[in-house]
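Please open the structure in your viewer and keep the sequence panel beside it. The tour below moves from one selection to the next and says what is there at each stop.

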Amino acid sequence: MRIFPRLKFRTKLNLGMSAILVGMAVLLLPLIGTMSANSLVEESKKRGSALAEGLSVRAVDPLLARDFLRLKNMVDEQSSVEDVIYAFVQDKNGFVLVHTFQKGFPVDLIDANKVATGQPLHIQLLADGSRRIYDFAAPVLVSDGRLGTVRIGLSQARIQMAVQRQLTLMAALFAGALILATSLGTVFARRVTARLGRLRAHAEEMLTGNLDTFSGPEWGIHCWEKQQCNTTQCPAYGETRRRCWYIAGTMCPDCNNEGNFQCRLESCRRCAVYRENAGDEIQDLAETFDVMALSLKSHIEELRDAERNLRDQQRLTRTILDVSPDRVSLVDSTMRYRGCNKSFAESVGMSLAEIEGKTDFDLFPEAEAEERHMAARDILQSGRRLDTQLMVEAGGGEHWFHVVCVPVFNDKGHIDGLLRTDRDISDIKRYENQLIQAQKMESLGLLAGGVAHEINTPLGIILGYAQLLQEDVDAGSQIHQDLAIIEKQTQVCKKIVADLLGFSRQTQSAKREMCFNNSVMEAVSLVRHTLELDKVEIITQLDDRYPIIYGDPEKLKQAWINLLTNARDAMAGQGGTILIRTRLDTPGGIVSLWVADNGSGIAEEALKKIFDPFYSTKAVDKGTGLGLSVSFGIIEDHGGDIRAESPVPKDFGFPSDAKRGAGGGGTVFEVNLPLDHEGPEGGEPEKE
Amino acid sequence: MRFRMTTWAILLALLVPVAFASGCSDEKPVKVNLSKREDLVAPRMVEAITYAYLPQYSHTISYQRHRRLLEYLRKTTGLPLRQIFPDTFEEHVKMVERGEIDISYSNPFVYVRLAKAGAQAFARVIEPSGEPNFRGQIIARSDNAAINTINDCRGKRWIAVDPNSAGGYLFPLGLFYNHGIKLSDFETVDFAPGPGGKQEKVVLAVHAGVYDIGTIRKGTLDVVRNKIDLGSIRVLAETRAYPGWVYAARKGLDPAVVDAIARAMFALNVDTAEHRAILSAAGMKGIIPARDIDYDPVRKLAEKLNLDR
């Protein structure tokens with residue numbers, strides 16, 4: 001029931017004024033009525049007293065002279081007075097000498113009021129049925145002697161009528177005042193509220209975004225017109241929407257250009273422009289409102305510009321951050337994520353929005369989260385930047401990251417958060433390892449080459465002498481057989497030395513156009529006999545289109561032999577089958593070779609390292625670990641690639657009736673060589 | 001909010017009784033029935049010896065002057081005396097003649113007329129001056145430079161007390177006659193109007209400048225002392241002394257009554273405080289016996305003025 005607050009301001013003003021007047025009337029009318037009634041009664045009493053006393057004085061002579069005519073005339077005179085009901089004169093014995101009653105005398109009156117000896121007057125209120133009478137008794141005195149009593153009756157009804165008239169008049173006056181005040185109040189309130197309403201409407205428009213409203217009066221003279229000033233560079237010059245006293249930095253010589261608005265306004269109060277244009281509080285409010293709207297508008301425009309700028313900057317920064325492969329993230333001092341780039345979001349598998357507010361423990365496995373958390377806390381406490389490399393095992397592999405984590409300071413110099421950049425350096429790391437390996441291999445090659453070179457000559461002499469001595473002894477003798485063993489083992493040594501030399505020496509390859517199948521068949525024929533001794537069967541499925549490639553036949557042959565012997569070694573002496581398959585893929589421009597065995601196969605971990613030099617799963621005296629590495633080098637030299645797969649895929653087509661090997665799934669090596677080639681330094685390929 | 005409501009309520013509670021309490025009246029009326037009427041009949045008057053004072057002053061003054069004396073006489077003689085108030089000198093004379101006034105206190109001129117009707121003087125007063133005689137005075141305004149002697153009165157406007165007034169008309173008229181001024185020599189000769197209080201009216205008429213000269217009984221100025229500034233009135237002349245005011249009994253009044261009253265009057269002694277108060281109120285110093293012969297000078301004056309009718 002909050003009715004009053006909802007009423008219009010105008011109604012409230014009117015109600016307030018009316019309430020004051022009604023309240024005054026309610027409070028004052030009875031009060032004033034009673035007071036005036038009392039004073040009227042008092043006044044009437046005084047008048048009655050005066051009448052009675054006057055009559056008593058004038059009655060002396062006629063009383064003394066017993067002149068009843070004069071007495072009668074006197075009392076009759078009294079009854080001609082408006083509200084006198086009766087008058088009569090009593091002698092000192094109380095006998096009524098004369099009276100104003102027409103027929104008989106109301107005997108009740110005689111004793112109704114008496115004035116005691118020594119009293120000047122006595123007033124008694126009488127009640128006669130319907131009316132009330134004030135009875136005044138005044139003694140007729142001569143010196144100290146009493147001749148009689150004069151009695152006058154005054155109608156109270158007339159007094160009350162007078163009081164009533166006065167009250168009615170006052171009520172009418174109040175009513176008139178109420179109507180007048182309400183009318184004037186309405187006019188006044190309408191004027192005030194119309195202006196307030198205009199202000200309110202403009203305020204509402206401002207709320208809806210229209211800042212071009214104009215609430216202040218449009219009349220008034222502008223300062224530059226009034227002062228006839230031609231200072232066009234003054235900020236107030238030509239300004240029509242603001243009064244000059246709202247404008248800072250005006251150049252009028254009469255103006256106080258310093259100090260705040262109030263100080264300036266002090267000097268304005270003496271200015272003729274101000275005196276002509278200044279208005280009441282509502283006009284001040286309206287003008288201030290306009291100025292406010294104007295400055296608000298310019299502020300909003302500035303803000304919008306700033307916002308647009310900021311948005312552009314943000315977009316740019318976001319773009320820069322998002323295109324960066326580095327994982328960039330920002331955490332606050334409570335170690336919650338406040339921002340990150342796209343790369344980071346992808347790495348944790350969440351959207352940018354989801355990450356905001358999360359902790360490390362929400363995004364990472366516990367161990368990693370713990371590690372990141374500890375690091376972050378350390379930086380938040382110490383303020384030192386972190387610059388390190390971390391290895392993370394994820395997705396079945398190792399990933400290396402270069403982590404830079406720097407504290408972010410606020411304008412007070414306190415650490416507000418941390419900016420962390422995780423750069424994936426796995427590739428660099430791999431290249432680095434390869435570089436190290438290459439360095440190692442180069443050193444080793446140099447060492448091995450030197451050693452092999454030194455050993456090669458004595459081995460040749462040993463071989464020569466062994467062969468010479470065989471010629472000198474009988475073919476079936478023990479010595480001959482011993483010498484044959486020496487020769488054979490020396491041959492083995494020479495082979496090892498030759499391999500070593502081949503590995504270490506950066507010999508220029510002698511490439512030429514050659515038949516791919518021939519190179520394969522040559523290698524097969526070379527090792528077939530030896531392998532058969534080890535119960536290894538070789539099956540060939542060569543492409544009969546005889547693909548021609550550009551390569552070094554000897555080196556390639558070496559590579560194939562390495563692959564074949566490697567397959568044989570996978571049999572673990574239990575025999576098996578080796579399938580050699582070639583395929584020409586003319587549209588792809590490649591020729592492929594597969595060497596598959598049904599040997600023991602290669603473990604998944606070992607598969608990655610089989611091409612590393614000196615890596616071997618064989619027993620210490622069973623191999624050098626150079627074979628596959630050398631083959632890898634040869635294939636790469638020919639612009640091809642080599643990879644291994646174990647076990648052999650089922651759809652490879654390995655013959656089901658093949659001779660059983662060691663069992664273990666076997667291994668297949670795939671070599672792809674390009675058919676097209678570029679000659680050395682772009683020159684013509686060497687002809688065979 | 002609640003506080004404000006409470007404040008308003010208290011304020012109203014205080015104001016409303018104040019507003020209405022003052023409207024209450026504690027007057028309680030006496031009930032009368034004005035319709036119960038009767039025709040009043042005056043009770044019969046008690047038989048009394050009437051006493052009248054020649055109305056040279058107003059009835060009130062007459063009453064005041066003689067009230068104590070009458071009370072004294074009533075007490076002393078045991079007679080039922082009542083003062084009555086004729087309005088004029090003429091009425092007084094007529095009432096004595098008709099026997100309505102038993103004891104008349106009048107001036108010597110009136111007495112001369114009363115004597116003709118059979119009234120008999122039995123006492124006279126000693127004036128406040130100590131003499132049993134009194135005089136008339138001719139007065140004018142102090143600032144009236146045109147009147148310095150009696151002769152200057154010729155052609156002037158004269159106001160006198162009453163054609164029957166001794167001190168206030170006849171004595172001064174005799175004086176004017178002695179100076180050869182006749183009534184016809186005055187511009188106007190008027191007498192104080194209305195009943196009673198005529199001596200004072202003369203003084204006031206001269207004081208107001210309505211008349212140039214006035215004639216009064218000597219002693220009147222003391223009576224009006226409180227009404228006007230006596231400095232503004234100049235006594236132009238005084239008449240010779242004539243026998244003073246006289247008490248006369250009407251023709252046929254019981255001599256025993258007269259004797260009783262006369263004795264009581266003569267018993268008044270100014271040296272007694274009680275009697276002094278009575279005499280002083282009546283404007284006299286004492287009462288002495290009188291005979292009709294004492295008033296022959298007055299009769300002579302009347303003759304001279306051709307008033308002896």
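**Salt bridges and the rest: a tour**

Over all chains, the structure holds 50 salt bridges, a salt bridge being a side-chain nitrogen of Lys or Arg within 4 Å of a carboxyl oxygen of Asp or Glu. Before selecting anything, note that this is a predicted model, in which local features need pLDDT of at least 70 and side-chain atom pairs count only at pLDDT 80 or more, while totals for chains, interfaces and linings use all residues. Residues are numbered from 1 along each chain as its sequence is written, chains are lettered from A and ligands numbered from 1 in the order in which they are written, and side-chain values use heavy atoms, with hydrogens and water left out.

**Stop 1: chain A as a whole**

Of its 688 residues, 38% count as buried, where buried means under 20% relative accessible area, exposed means over 50%, and partly exposed lies in between (1.4 Å probe, protein chains only). The accessible surface of chain A comes to about 39,500 Å², and 55% of that belongs to carbon and sulfur atoms; such areas come from the Shrake-Rupley method with a 1.4 Å probe, and for residues only the protein chains shown count as cover. Among the contacts in chain A with a separation of 6 or more, 60% are between residues 24 or more positions apart, contact meaning heavy atoms within 4.5 Å.

**Stop 2: where chain A meets chain B**

Now show both chains and colour the contact, which takes 39 residues from chain A and 32 residues from chain B. Together the two chains bury about 3,100 Å², 63% of it on carbon and sulfur atoms, buried area being the accessible area (1.4 Å probe) that two parts lose on being put together, summed over both. A:Leu64, A:Phe95 and A:Asp108 supply 17% of the area that chain A buries against chain B, more than any other three residues.

How many salt bridges are there between chain A and chain B? The count is 1, and to find this salt bridge, select A:Asp108 and B:Lys36, whose side chains meet at 3.1 Å, N to O. On the side of chain A that touches chain B, α1(A) gives the most, with 6 residues.

**Stop 3: salt bridges around B:Glu90**

Move to chain B and select B:Glu90 with B:Lys94, which form a salt bridge with their closest N and O atoms 3.9 Å apart. Both lie in helix α3 (residues 89–98) of chain B, 4 residues apart, about one turn of the helix. B:Glu90 is partly exposed at 30% relative accessibility, and B:Lys94 is partly exposed as well, at 38%.

**Stop 4**

The side chain of B:Thr239 reaches the backbone nitrogen of B:Gly136 at 2.7 Å, and, leaving aside neighbours within four places in sequence, B:Thr239 is in contact with B:Arg135, B:Gly136, B:Phe171, B:Pro172 and B:Leu175.

Return to chain A and select A:Asp543, placed in the loop between β13 (536–541) and β14 (548–551) and buried, with a relative accessible area of 4%. A polar atom of the side chain of A:Asp543 lies 2.8 Å from the backbone nitrogen of A:Leu584.

**Stop 5: A:Met24**

Finally, select A:Met24 in helix α1 of chain A, which is partly exposed with a relative accessible area of 38%. A:Met24 and A:Phe174 are 150 residues apart along the chain, yet their C-alpha atoms are separated by 8.8 Å. Beyond the neighbours within four places in sequence, A:Met24 is in contact with A:Leu29 and A:Phe174.

Key: Polar contact = N/O pair within 3.5 Å; in protein donor to acceptor, adjacent residues only side chain to side chain. Helix = DSSP H or I, 4+ residues; strand = E, 2+ residues; numbered from the N terminus.
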